[in-house]
Amino acid sequence: MKLHCLEGGTLLEKAGECHAVENELLERLFQSKAGEVESILESVKTGDTAGVDGGILPPVPAGTEIWAAGVTYLRSKSARMEESEKAGGDVFYDMVYDAERPELFFKAMGYRAVGAGEEIRVRKDSLWDVPEPELTLAINSGGEIFGFSVGNDVSSRSIEGENPLYLPQAKVYRGSCAVGPCLLLGRDSLKADAMIKLTILRAGEVVFDDSTDLTQLKRSFEELVEFLYRELDFPNGAMLMTGTGLVPGSDFTLTSGDVVAIEIEGLGILENVVA
């Protein structure tokens with residue numbers, strides 16, 4: 001099952017057919033407690049899809065926090081070490097890749113996220129910017145993973161590389177967080193080796209095209225969620241981006257007009273244009 005959030009309403013896709021459902025369903029799922037998701041989905045009332053259309057919204061409630069994990073793929077470790085070597089911060093990224101405790105950081109509130117088809121941004125005071133394609137977990141208030149989406153953790157590598165303490169400024173700003181195009185429901189609905197692909201177009205030409213798969217993710221979903229929920233409460237649930245295994249080289253930076261397309265097998269394509 002997939003949940004599609006549109007400007008004109010919410011659609012639940014089952015066996016290839018879409019049905020209109022209450023807009024509050026998304027919030028109910030995120031706010032649910034342990035063991036409640038299945039009963040919520042079984043009791044949902046469906047209706048006619050007439051008038052349920054418009055632009056695609058990010059499948060996350062406005063009051064839900066979006067967090068992210070870092071250095072969970074070997075490629076991410078190498079890239080982060082490269083960008084921070086001059087500042088002497090490379091050793092920290094080397095250490096966290098093998099450490100028991102993962103890197104976790106706050107990314108955005110749900111109301112700051114943009115959906116498929118909306119614009120993402122790069123900071124005006126940044127010289128080196130990249131998209132970071134990430135499988136994103138949907139987690140309820142009880143700490144259960146109940147779905148998946150596609151995420152783009154747009155980041156300034158120049159600001160983070162200058163000093164690791166600048167991480168919040170490199171990661172958290174207007175237009176830096178995209179999620180969509182839908183929410184794939186069910187903890188076991190995603191293939192363990194699902195492909196993740198990143199394609200970037202500039203003036204109609206492909207300037208980056210690469211892929212990886214979830215078998216390259218060093219940490220388990222449950223491990224990341226356990227650390228996130230260990231000393232925090234999320235009454236509105238949470239989304240957690242699980243890190244990236246696809247990072248363009250140091251000779252690439254995003255520019256206005258670039259089209260960033262992130263595809264995750266079974267989830268669809270999250271496409272955004274750089275403002």
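Buried means under 20% relative accessible area, exposed means over 50%, and partly exposed lies in between (1.4 Å probe, protein chains only). The model shown is predicted: local features need pLDDT of at least 70, side-chain atom pairs count only at pLDDT 80 or more, and totals for chains, interfaces and linings use all residues. Residues are numbered from 1 along each chain as its sequence is written, and side-chain values use heavy atoms, with hydrogens and water left out.

**View 1. A buried salt bridge joins Lys 171 and Asp 153**. A salt bridge here is a side-chain nitrogen of Lys or Arg within 4 Å of a carboxyl oxygen of Asp or Glu. In this pair the closest N and O atoms are 2.9 Å apart. Helices (H or I, at least four residues) and strands (E, at least two) are DSSP runs, numbered from the N terminus. Lys 171 and Asp 153 are both buried.

**View 2. Arg 230 and Glu 226 form a salt bridge**. Their closest N and O atoms lie 2.8 Å apart. Arg 230 has a relative accessible area of 40%, so it counts as partly exposed. Glu 226 is also classed as partly exposed, because its relative accessibility is 37%. Elsewhere, salt bridges with shared partners join Lys 107, Glu 132, Asp 153 and Lys 171 into one network.

**View 3. Asp 125 and Arg 123 meet through their side chains**. The N to O distance of this salt bridge is 2.8 Å. Asp 125 is partly exposed because its relative accessibility is 48%, whereas Arg 123, at 17%, is buried. A search of the whole structure finds 13 salt bridges.

**View 4. Strand β12 pairs with strand β13 in a hairpin**. Two strands pair if DSSP finds at least two bridges between them. Strand β12 covers residues 195-202 and strand β13 residues 205-213; their pairing is antiparallel, over 8 bridges. There are 2 residues between the strands of the hairpin, and Ala 203 in the turn has a positive phi of about 55°. Leu 201 has Val 206 of β13 as its bridge partner.

**View 5. Strand β12 also pairs with strand β15**. Strand β15 spans residues 259-264, and its pairing with β12 is antiparallel over 6 bridges. Which residue of β15 stands opposite Leu 201? That residue is Val 259.
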